[in-house]
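Here are my notes on the model, as numbered points. Please read them beside the coordinates.

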Amino acid sequence: MDYIRLGKTGLKVSRICLGCMTYGSPEKGTHSWALNEEQSRPFIKQALEAGINFFDTANVYSVGVSEEVVGRALRDFAKRDEVVIATKVHGVMRPDDPNGRGLSRRAILQEIDNSLRRLGTDYVDLYQIHRWDYETPIEETLEALHDLVKMGKVRYIGASSMYAWQFTKALYLADLHGWTRFVTMQNHLNLLYREEEREMMGLCEAENIGVLPWSPLARGRLTRPWETEPSTKRAETDKFAKTLYSATEEADRKVVERVGELAAARGVPYAQIALAWLLQKPMVTSPIIGATKPHHIDDAVAALGVKLTAEEVKLLEEAYVPHPVAGFA
């Protein structure tokens, strides 16, 4: 395993991050494809054995159950000081409570305590705002997050999918008021969706922000020939995926075909090529991969050893066409 600084901080994280949205409860929340605790634990253990020290979850995943499952597994399989735990805040946790969501000071202070309790830890290494809250002044959010850092409940703060102007505003205001700055951006980036390259990636590079791409394999579309049926329950039933890629299927097919050509030439699975493309970008810290089969983790780790040439990168990229902005909701 390779390790890298998280943005411009001194914290070292593995070049692969295990995304834990898959681990929780199929009965709670909107993810009917989620694995239960018994099914989830082997993947967390396998990731640790592979050298992965970076785990990303969120309060909203399985309405808190993901944090519980991940927290128990990490306590059983690892030492707290040797793992980096990231979680997120913003989503609806209590549908009947108008304050049970969002990024108000009240919501942030309440949800961090709930997350810490479920994770079974005194602090989280990276606390991220899951989306932009249009109903709360960003100043209120930033000051609350800064206070969490000063309390010792949070080590670093990060953001997720938003417009570059919003992220710029947040960074500016943090600097203006002397508040803790966002050190990471968790955004939607893969070979089938590269709209983040227009503004956000350049901003992150200029500001030394660590990039943690979500859906690096485009919900499995970059792991198999276009005509092949999905091999996981998540890929078969993931409604959100249809909102991300359905408008550009013909163009996306051509990109997947290029991935297949290069995978065949290299003698490696599609997933390794798609992840290698992300890993060669200097601003990308750790792609966040999901795993419901052991080879998902194996392929992600093996991708670290796949070094693409400039010609191969061009081959993968030249079939891309502009996409509608997606993933901010």
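**Notes on the fold**

1. Strand 7 (154–160) and strand 8 (182–186) pair in the parallel sense over four bridges. Two strands count as paired if DSSP finds at least two bridges between them. Across this pairing, isoleucine 157 stands opposite phenylalanine 182 in strand 8.

2. Ground rules. This is a predicted model: local features need pLDDT of at least 70, side-chain atom pairs count only at pLDDT 80 or more, and totals for chains, interfaces and linings use all residues. Residues are numbered from 1 along each chain as its sequence is written, and side-chain values use heavy atoms, with hydrogens and water left out.

3. Overall make-up. The protein chain has twelve helices and ten strands. Both are DSSP runs numbered from the N terminus: helices are H or I with at least four residues, strands E with at least two. The radius of gyration is 19 Å, close to the 20 Å from the globule rule for 329 residues, so the chain is as compact as a globular protein of that length. That radius is taken over C-alpha atoms, and the rule is 2.2 Å times the number of residues to the power 0.38. Along the principal axes, the C-alpha atoms fill a box of roughly 55 × 45 × 40 Å.

4. Burial and contact range. Of the 329 residues, 58% are buried. Buried means under 20% relative accessible area, exposed over 50%, and partly exposed in between (1.4 Å probe, protein chains only). Take contacts between residues at least 6 apart in sequence: 78% of them join residues at least 24 apart. A contact is heavy atoms within 4.5 Å.

5. Eight strands form an open sheet, with parallel pairing, in the order 9-8-7-6-5-4-3-10. Strand 9 (210–211) and strand 10 (288–289) are the edges, and each pairs on one side only.

6. Strand 5. How many residues of strand 5 (residues 84–89) are buried? Six of its six. Val84, Ala86 and Lys88 point one way, while Ile85, Thr87 and Val89 point the other way. Note that Lys88 is on the buried list too.

7. Neighbours of strand 5. On one pairing, three bridges join strand 5 to strand 4 (residues 54–56), and the two run parallel. Phenylalanine 55 has isoleucine 85 as its bridge partner there. Right-handed means that, with the strands pointing away from the viewer, the path from the first strand over the helix to the second runs clockwise. Strand 5 also runs parallel to strand 6 (residues 124–129), joined by four bridges. Here lysine 88 has glutamine 128 as its bridge partner. The chain goes from strand 5 through helix 3 (residues 105–119) to strand 6, and this crossover is right-handed.

8. Helix 5. Helix 5 (residues 164–177) has 14 residues and reaches 20 Å from first C-alpha to last, close to the 20 Å expected at 1.5 Å a residue. The expected span is 1.5 Å times one less than the number of residues. Its buried residues include Ala164, Phe167, Leu171 and Ala174. The buried residues pack against helix 4 (138–151), strand 7, strand 8 and helix 6 (200–206). Glycine 178 follows the helix, with a positive phi near 75 degrees.

9. Threonine 168. This residue is found in helix 5. Is threonine 168 buried or partly exposed? Threonine 168 is partly exposed, at 39% relative accessible area. Glycine 260 is 92 residues from threonine 168 in sequence and 37 Å away in space, C-alpha to C-alpha.

10. Histidine 31. Histidine 31 lies in the loop between strand 3 (17–19) and helix 1 (37–49). Its relative accessible area is 15%, so histidine 31 is buried. Leaving out residues up to four places away in sequence, histidine 31 touches Met21, Ser25, Pro26 and Tyr61. Serine 62 is 31 residues away in sequence, yet 6.8 Å away in space, C-alpha to C-alpha.

11. Cysteines. A disulfide is a pair of cysteine sulfur atoms within 2.5 Å, and the count comes to zero. Cysteine 20 is in no disulfide: the nearest cysteine sulfur, in cysteine 17, is 7.2 Å away. Cysteine 20 is buried, at 1% relative accessibility. For cysteine 204, the closest cysteine sulfur is also that of cysteine 17, but at 16 Å, too far for a bond. Cysteine 204 counts as buried at 1% relative accessibility.
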